[in-house]
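Please keep the sequence and the model in view while reading.

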Amino acid sequence: VSTQSTWGLLSRNCKMVQRLTFRRRLSYNTPSNSRKIVKTPGGRITYLHVKKLGAVPKCGDCGCNIQGIPAVRPKKLMSMSKCQKTVSRAYGGSRCAQCVRARIVRAFLIEEQKIVKKVMKSQPKAK
């Protein structure tokens with residue numbers, strides 16, 4: 001097989017690819033410069049810069065995700081209203097429901113124990 005005929009086969013199978021240039025000045029592959037390739041309505045292929053994903057708020061005690069609060073970037077959090085950033089209960093938006101329940105039960109049991117100690121202390125005096 002001659003090189004001329006081989007080149008003919010290759011050229012028929014290969015297509016010219018459109019070269020892409022960055023739309024911003026940053027030329028490094030950093031998280032802030034993440035992009036995906038899209039085809040515009042005009043038929044051109046360009047880069048579309050993708051924003052970074054927001055982190056889901058975590059519980060301060062156990063570290064699990066707090067339900068009911070969206071995972072958005074800090075700039076979006078600033079523009080959101082307070083009712084969208086919290087949950088309507090004690091420690092809402094800071095602690096998860098299970099940890100709040102555990103705190104309430106713990107506080108109740110500690111108070112009960114204090115009352116029992118007080119009663120036990122007063123009983124010998126009554127005799």
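**Notes on the predicted model**

1. Thr46 is buried, at a relative accessible area of 10%; buried means under 20% relative accessible area, exposed over 50%, and partly exposed in between, for a 1.4 Å probe and protein chains only. Thr46 belongs to strand β2. When neighbours within four places in sequence are set aside, Thr46 is in contact (heavy atoms within 4.5 Å) with Leu20, Arg23, Lys36, Ile37, Val38 and Thr40.

2. The model is predicted, so local features need pLDDT of at least 70 and side-chain atom pairs count only at pLDDT 80 or more, while totals for chains, interfaces and linings use all residues. Residues are numbered from 1 along each chain as its sequence is written, and side-chain values use heavy atoms, with hydrogens and water left out.

3. The protein contains 4 helices and 2 strands, where helices (H or I, at least four residues) and strands (E, at least two) are DSSP runs numbered from the N terminus. Along the sequence the pattern reads α-β-β-α-α-α. Of its 127 residues, 13% count as buried. Of the contacts between residues at least 6 apart in sequence, 28% join residues at least 24 apart.

4. Which residue of strand β2 takes part in an aromatic pair? A search of the whole structure finds 1 such pair; rings of Phe, Tyr and Trp (its six-membered ring) pair if their centres lie within 6.5 Å, and planes under 30 degrees apart count as stacked, over 60 as edge-to-face and the rest as tilted. The ring centres of Phe22 and Tyr47 are 5.7 Å apart and the planes are at 20°, so this pair is stacked. The pair links distant parts of the chain, with Phe22 in the loop between α1 (3-13) and β1 (35-39) and Tyr47 in strand β2 (residues 45-49), 25 residues apart. Phe22 is partly exposed at 32% relative accessible area, whereas Tyr47 counts as buried at 16%.

5. Apart from neighbours within four places in sequence, Tyr47 is in contact with Leu20, Thr21, Phe22, Arg23, Arg35, Lys36 and Ile37. The C-alpha atoms of Tyr47 and Leu20 are separated by 7.1 Å, although these residues are 27 apart along the chain.

6. The largest nonpolar core has 6 residues: Cys59, Ile66, Ile69, Val87, Cys96 and Cys99. A nonpolar core is a set of buried Ala, Val, Leu, Ile, Met, Phe, Trp, Tyr and Cys residues joined through side-chain atoms within 4.5 Å. In soluble globular proteins, nonpolar side chains tend to be buried together. Beyond its neighbours within four places in sequence, Cys59 is in contact with Cys64, Ile66, Ser94, Arg95, Cys96 and Cys99.

7. Tyr91 deserves attention. Its phi is near 60°, a positive value in a residue other than glycine. Most residues other than glycine have a negative phi. Tyr91 is found in the loop between α3 (82-85) and α4 (97-126), and at 44% relative accessibility Tyr91 counts as partly exposed.
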